[in-house]
Amino acid sequence: MSEGIDLKELKRRMDGAITAYKNDIASLRTGRASANVLDPVQVEAYGSRVPLNQVANISVPEPRMLSVSVWDKGMVGAVERGIRESNLGLNPIIDGQNLRIPLPELNEERRKSLVKVAHDYAEKAKVAIRHVRRDGMDDLKKAEKDGDIGQDLSRAQSEKVQKMTDETILDVDRLLAEKEKEIMQV
């Protein structure tokens, strides 16, 4: 008989979902300019879609301005198009091989839409965490059915998996509440 499933591996995968969620909400703009705002932007480059940071440098010269310095002069139009089509509500201004992107003031409506996006990201993270739980539970059932582990160990480990899942989902909810407060702060 074995020791059951690898709980550390399940925890690692759940933590990966949290990390992905943190990256997603970091790209949501609050009142200050951040280079992370452009993380979701994909650009049509050399026959495929690539992240913006693979074709340009992004900097924050002023609190309400982003600057994108495109490496290849021929890519400026594609970068501008990618930023406009990203649904971030940004309008880049082309200045030679650079793009200046003024960040508009956040009005109440825009803040509420950003909160909705944050909720969508949170739901995606929770679904990913539940998938990890389902995989763990399936592995436990299979191991018990195959006779690799006993019923007591299976039940104990399934309780641990559920507890780990609940704690990780609470972490997502806590992060969401913090981000919502940050977005709605005027």
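Colleague: Which residue in β4 stands opposite Asn57?

Modeller: In this predicted model, Ser69 in β4 is the residue opposite Asn57.

Colleague: Which strands make up the open sheet, and in what order?

Modeller: The open sheet has 4 strands in the order β3-β4-β6-β5, with antiparallel pairing. On average, neighbouring strands are turned by 25° against each other, direction ignored.

Colleague: Why are β3 and β5 called edge strands?

Modeller: β3 (56–62) and β5 (93–95) each pair on one side only.

Colleague: What makes β1 and β2 a hairpin?

Modeller: β1 (residues 42–45) and β2 (residues 48–51) pair in the antiparallel sense over 4 bridges; the threshold for pairing is at least two, so these strands count as paired. There are 2 residues between them, and Tyr46 in the turn has a positive phi of about 55°. Ala45 has Ser48 in β2 as its bridge partner.

Colleague: What is the relative direction of α1 and α3, parallel or antiparallel?

Modeller: Helix α1 (residues 7–26) packs against helix α3 (residues 108–145) at an angle of about 170°, with the axes 9 Å apart. Angles over 145 degrees count as roughly antiparallel, and α1 and α3 are therefore roughly antiparallel to each other. By class, their contact has 12 nonpolar, 1 polar and 5 charged residues. Among the residues that meet are Leu10, Met14 and Tyr21 in α1, and Ala118, Val132 and Gly136 in α3.

Colleague: What makes a set of residues a nonpolar core, and how many residues has the largest one?

Modeller: Its members must be buried nonpolar residues of the listed types, joined through side-chain atoms within 4.5 Å. The largest such core has 29 residues, and Leu10, Tyr21, Leu28 and Val172 have the most contacts inside it. Helices α1, α3 and α4 (151–184) each supply at least two of its residues, and the largest share, 11 residues, comes from α3. Another core, of 22 residues, lies apart from it and includes Leu38, Leu66, Met75 and Leu88.

Colleague: Which residues is Leu10 in contact with, leaving aside neighbours within four places in sequence?

Modeller: Leu10 is in contact with Ile5, Val132, Gly136, Val161 and Met164, once those neighbours are left aside.

Definitions and conventions: Residues are numbered from 1 along each chain as its sequence is written. This is a predicted model: local features need pLDDT of at least 70, side-chain atom pairs count only at pLDDT 80 or more; totals for chains, interfaces and linings use all residues. Side-chain values use heavy atoms; hydrogens and water are left out. Axes are lines fitted to C-alpha atoms, for helices over the stretch in contact, and angles run from 0 to 180 degrees between N-to-C directions. Angles under 35 degrees count as roughly parallel, over 145 as roughly antiparallel, 65 to 115 as roughly perpendicular and the rest as oblique. Contact means heavy atoms within 4.5 Å. Ala, Val, Leu, Ile, Met, Phe, Trp, Tyr, Cys and Pro count as nonpolar, Asp, Glu, Lys and Arg as charged, and the others, Gly among them, as polar. Buried means under 20% relative accessible area, exposed over 50%, partly exposed in between (1.4 Å probe, protein chains only).
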